Amino acid sequence: MANITKKVSWSSRPDETGATGETTPLLNGSEQPRHSRQVELMSGEGAIFHIGRHGAGDLEEEMTTEEVKSEGRPKEIPHNEKLLSLKFESLDYDNIENQLFLDEERRMSYMGFRCLEISRWVICALIGFLTGLIACFIDIVVEQVAKVKYNVIKENIETFTEAGGLSISLILWAVLNCSFVIVGAILVAFFEPIAAGSGIPQIKCYLNGVKIPRVVRLKTLVVKVCGVICSVVGGLAVGKEGPMIHSGGVVAAGVSQGRSTSLKRDFKIFEYFRRDTEKRDFVSAGAAAGVSAAFGAPVGGVLFSLEEGASFWNQMLTWRIFFASMISTFTLNFVLSVYHKKPGELSNPGLINFGRFESDVGDFFTSIFHSSTVLQAELLLCLMSAVLFCRYVHRPCLQVMEATLVAAVTAAVSFTMIYFSNDCQPLAPDNTEVYQLQLFCADGEYNSMATAFFNTPEKSVTSLFHDQPGTYNPLTLGLFTLTYFFLACWTYGLAVSAGVFIPSLLIGAAWGRLCGILLFWCSTWADPGKYALIGAAAQLGGIVRMTLSLTVILVEATGNVTYGLPIMLVLMTSKIVGDYFQEGLYDIHIKLQSVPFLHWEAPATSHWLTAREVMSSPVTCLNKIEKVGTIVDILSNTSTNHNGFPVVVQVMEGDVVILCGLILRSQLIVLLKHKVFVELARSRLTQRKLLLKDFRDAYPRFPPIQSIHVSQDERECMMDLTEFMNPTPYTVPQETSLPRVFKLFRALGLRHLVVVDDENRVVGLVSRKDLARYHLGKHGLEELHLAQT
Amino acid sequence: MSQHKNSLLLALLTLNTIYMVQADSLNPAPDMSSLFSTSLMSSFPEDLEISGYCKELLFFFKQRYVTFVDCLILAARPVKVCQNCSSSYSMLQDIYRNISDQVGPGNESCRDSLLSSDRLMVVYQLYSNLQDLWTSSNCESNLTNDTLNFLSTLNQTLTCFEKYQLGNHTELCKSCKKMYGDVNKLYGRMEKNDTMCIDLEDAMNMTRRLWSKNFNCSLPRDETVPVLAVSSFMLFLPVIFYLSSFLHSEQKKRKLIHRSLLDRYSIKAAGDGIFSVR
């Protein structure tokens with residue numbers, strides 16, 4: 001009996017089924033015909049309630065039909081963007097108001113709550129401070145190492161220009177680039193693949209409520225920081241700004257917990273915050289601090305968190321996040337001013353400085369109309385990146401090789417461009433910060449292609465914004481934009497940690513400046529530097545598709561409020577044009593990762609879908625007083641990885657079992673680990689009562705069920721879940737529409753939503769994946785497939 | 001080399017002293033009435049007029065100012081400002097200092113009456129304009145070992161240029177190359193260390209322009225083939241890489257778990273009963 005029960009009850013929940021067992025596919029294929037939702041009560045106290053569409057008997061019959069078999073077998077399809085992966089879990093943003101929680105709250109004094117509030121502020125200050133320091137570290141190391149690298153190459157080129165043998169300089173450049181990039185790629189590919197890319201999509205998912213494995217670990221931070229340094233110094237078409245946001249998030253997640261699981265150090269502080277809810281708040285503060293350190297834009301950081309990240313928001317939290325951002329940009333500014341030996345001058349609010357623009361907005365309004373040319377570039381970029389993302393390169397060593405090749409090609413292309421460029425410009429007086437190459441130019445002049453290619457991207461952006469009109473000739477800019485564009489597209493898919501902000505700013509600035517120069521020929525009043533700014537804004541807006549936050553970030557980075565309106569108009573245009581063709585880069589990225597991401601709204605035409613159709617059923621339920629063996633069996637069944645179990649109780653009259661609570665896998669595991677069994681409690685009177693602290697100590701890495709040993713005797717024990725379950729889980733009736741359910745999930749940050757019938761019996765369970773599957777495609781409502789990855 | 005240096009220093013010193021002596025001997029007062037023509041206005045009461053001492057100072061100021069400006073204009077192109085006008089600038093500075101800081105007989109100061117008694121402040125404005133000009137010329141940062149060294153090398157180079165100028169330029173490029181290289185190197189070093197005075201900068205610029213533009217001695221672009229070969233080899237590598245990994249590995253397959261509601265419901269819409277599907 002038990003055997004059959006096991007087979008049926010939790011391998012037949014299709015949405016989370018692993019599809020590895022033999023029975024599963026058959027069940028999946030056969031689940032549709034009968035919708036008689038009957039609740040079967042298996043005999044005995046320790047039985048599992050199987051609430052399903054068919055009993056074990058039905059199963060036997062339907063297994064025979066050939067048709068069902070062929071349909072039900074898991075199909076193998078190539079990876080595409082219309083899938084949802086099963087490996088992602090939700091975070092528990094809903095507070096579990098069980099007995100323990102209430103007890104703790106009762107014990108806590110008023111002062112205790114005040115202290116909590118103060119420690120939140122302290123943590124935010126720490127987050128800001130540490131994020132600022134990390135930004136400084138990256139900046140200083142990149143600057144120093146880049147200086148060494150460029151000086152070596154420059155000297156080499158100078159000697160070989162005279163003596164002959166420039167191909168050797170080219171090889172030297174390529175080798176230097178490659179060696180840096182190899183280090184970075186090895187770190188990422190072998191040690192922490194999640195640190196690849198900018199990390200913004202991952203943080204976005206995290207704040208949306210999806211648990212991305214390993215995304216906020218210390219190891220990730222270390223790999224990320226080193227990886228960014230390597231890839232920027234390695235001359236790839238990348239920036240160091242995007243990864244700051246991820247780094248800030250990791251710092252926040254680490255600091256707020258007061259311990260590091262990787263280092264096995266527990267500082268015994270901030271224990272109250274060891275929950276998903278609190279952690280999420282701090283991570284959004286960290287992301288804001290990251291933006292603020294990257295661009296010197298504290299308000300932009302807060303708005304970024306609001307727009308891209310946090311789905312859950314309140315006014316005090318905003319204020320705290322703002323505090324963290326301010327601290328972060330100030331720390332960066334202060335430390336960098338000390339580093340530049342001008343303490344107190346505070347002129348480096350961010351990693352990238354756009355420099356000052358005079359507030360003469362006249363040109364701007366005209367330049368907006370010309371920025372439409374810029375938009376085309378951004379469209380192409382989106383398409384390209386989408387294509388390049390589905391790659392055939394999966395193995396780590398191949399990824400390292402790929403990155404190395406890109407580095408070599410970048411060097412080769414840059415060198416060839418510089419070599420064949422005839423654009424010579426007279427040396428400006430004190431331009432010591434930019435590396436200038438003379439090459440074949442007349443003495444006292446420098447190659448202007450080299451200012452664009454032979455520098456870190458940040459410096460190139462600044463020179464595009466601020467150099468005098470006539471510094472670049474149009475051919476140089478056109479060629480530069482084109483090559484850099486392809487390089488940036490190619491680089492984005494690599495397994496190195498790097499951001500996309502700077503390359504897109506650079507491409508946009510070059511485009512914009514080109515437009516400005518062309519216009520400059522017709523009329524003399526256009527300032528190409530401003531066109532460069534507008535172009536950069538349009539390009540960046542087209543790629544990341546942020547609106548509010550990007551406007552504020554750019555306004556803050558240029559330090560001129562007057563530019564707000566032009567920048568805003570440009571961003572609006574680029575978003576409208578962009579959305580017509582393709583989604584933003586981060587959204588594409590999230591889709592390709594098959595993450596069950598919940599957007600702001602449910603798909604527009606989905607009101608006809610009700611909870612009954614959306615939910616997954618049957619549900620594995622537990623009794624209020626459950627046999628340990630059963631629990632262990634349920635948890636250790638590899639074909640299911642259910643995380644929430646409705647707790648039911650049998651009403652006196654007989655067959656009716658009604659919902660009385662919800663318990664999570666993590667809680668069950670902690671209970672099993674501490675052996676909270678009814679029999680043991682009776683025999684050992686001295687046994688300590690389990691506290692909320694025990695759950696927090698296990699957070700966030702709950703041990704797998706396999707590591708918990710339960711002896712044969714203990715399997716016969718009983719476990720009382722009353723104290724630990726959430727006695728008031730959110731429930732909806734079967735007829736609730738999808739948008740309604742969606743709103744609940746989105747606003748409350750739910751993980752499980754129990755669907756009940758009129759008599760409060762469990763009919764199904766809605767989880768994040770059930771909702772994220774529906775999205776509005778080109779042909780109306782589409783449904784994503786669930787797949788294993 | 002040291003001889004050159006010494007002689008130049010000596011020359012400068014003598015020049016300076018001569019000017020100083022001259023400045024001191026210029027004391028006697030010239031005719032006052034010729035200075036102030038009274039065509040415009042009647043005279044003011046005694047106490048508002050500027051004193052004779054101040055008038056005297058003003059006159060000297062005018063003289064030296066004119067001398068300096070004369071010198072500047074003559075030395076404008078090619079720039080020899082620092083070389084020619086240092087002394088006259090220092091004289092101008094002296095007289096201005098006299099006006100602004102020092103007191104004359106009977107503790108009389110001309111500072112207020114000459115410099116700041118009206119809105120226009122002619123004397124002050126004129127002086128400060130020239131002061132700015134002088135500061136931006138960087139003439140003060142002159143005369144180190146390197147400077148003299150540089151001057152002599154530059155002169156040698158220019159002589160070399162002159163020598164070969166009429167003949168074939170390739171010959172010039174060949175024979176003056178070493179000297180020019182030295183100058184260039186020296187200049188580069190000085191530039192790195194501190195700011196250069198405008199004379200040297202201009203001289204160097206002219207020399208460079210001569211060398212690269214007039215004589216066309218810039219380096220030729222003659223390594224096109226090897227550079228192209230190496231870079232196209234590097235460009236070719238990724239092609240091989242992607243081709244091989246495309247052929248040898250396959251894309252990751254995803255196992256699909258079938259549970260499509262919309263499919264069912266589209267069939268439902270086709271006319272089946274509510275829950276009878278497929």
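Helix α24 (residues 585–592) of chain A is mostly covered, with seven of its eight residues buried; here buried means under 20% relative accessible area, exposed means over 50%, and partly exposed is anything in between (1.4 Å probe, protein chains only). The buried set in α24(A) consists of A:Leu585, A:Tyr586, A:Asp587, A:Ile588, A:His589, A:Ile590 and A:Leu592. After α24(A) comes A:Ser594, which has a positive phi, near 55°. Helices (H or I, at least four residues) and strands (E, at least two) are DSSP runs numbered from the N terminus.

This is a predicted model, in which local features need pLDDT of at least 70 and side-chain atom pairs count only at pLDDT 80 or more, while totals for chains, interfaces and linings use all residues. Residues are numbered from 1 along each chain as its sequence is written, chains are lettered from A and ligands numbered from 1 in the order in which they are written, and side-chain values use heavy atoms, with hydrogens and water left out.

Now for the charged pairs. A salt bridge is taken as a side-chain nitrogen of Lys or Arg within 4 Å of a carboxyl oxygen of Asp or Glu, and the count over all chains comes to 25. In one of them, A:Glu104 pairs with A:Arg696, with 2.9 Å between the closest N and O atoms. This pair ties together distant parts of the chain, since A:Glu104 sits in helix α5 (residues 99–107) of chain A and A:Arg696 in helix α29 (residues 692–698) of chain A, 592 residues apart. A:Glu104 counts as buried because its relative accessibility is 17%, and A:Arg696 does so at 9%.

A salt bridge also joins the side chains of A:Lys675 and A:Glu714 (3.6 Å, N to O). Again distant parts of the chain are linked: A:Lys675 is in the loop between α27 (665–673) and α28 (678–683) of chain A, and A:Glu714 is in helix α30 (residues 712–715) of chain A, 39 residues apart. With a relative accessibility of 22%, A:Lys675 counts as partly exposed, whereas A:Glu714 is buried at 16%.

A:Glu783 and A:Arg773 likewise meet through their side chains in a salt bridge, at 2.8 Å from N to O. A:Glu783 belongs to strand β20 (residues 780–783) of chain A and A:Arg773 to the loop between α32 (768–772) and β19 (774–777) of chain A, 10 residues apart. Both A:Glu783 and A:Arg773 are buried. UniProt, in an unreviewed entry, lists residues 725–783 of chain A as "domain: CBS"; UniProt positions are given in the numbering used here, feature names are shortened, and annotations may be inferred rather than shown by experiment. That span, residues 725–783 of chain A, is 27% helix and 37% strand, and its end C-alpha atoms lie 33 Å apart. Elsewhere, salt bridges link A:Glu117, A:Arg120, A:Arg275, A:Glu278 and A:Arg320 into a network.

On the nonpolar side, a core is a set of buried Ala, Val, Leu, Ile, Met, Phe, Trp, Tyr and Cys residues joined through side-chain atoms within 4.5 Å. The largest has 150 residues, and A:Phe354, A:Ile418, A:Phe454 and A:Phe465 have the most contacts inside it. Contact means heavy atoms within 4.5 Å. Not counting residues up to four places away in sequence, A:Phe354 touches residues including A:Phe465, A:Leu505, A:Leu533 and A:Leu554. A second, separate core of 37 residues includes B:Leu57, B:Ile95, B:Ile99 and B:Trp134.

Chain B has 10 helices and one strand, in the order α-α-α-α-α-α-α-α-α-β-α along the sequence. Of its 278 residues, 32% count as buried. The domain assignment of chain B gives domain 1 (51–137) and domain 2 (145–219), the bounds coming from an automatic or database assignment. The C-alpha centres of domain 1 and domain 2 of chain B lie 36 Å apart, and eight residues of domain 1 are in contact with six residues of domain 2.

Finally, A:Glu162 reaches across to chain B: leaving aside neighbours within four places in sequence, A:Glu162 is in contact with B:Lys177 and B:Leu219. A:Glu162 lies in helix α6 (residues 110–163) of chain A and is exposed, with a relative accessible area of 55%.
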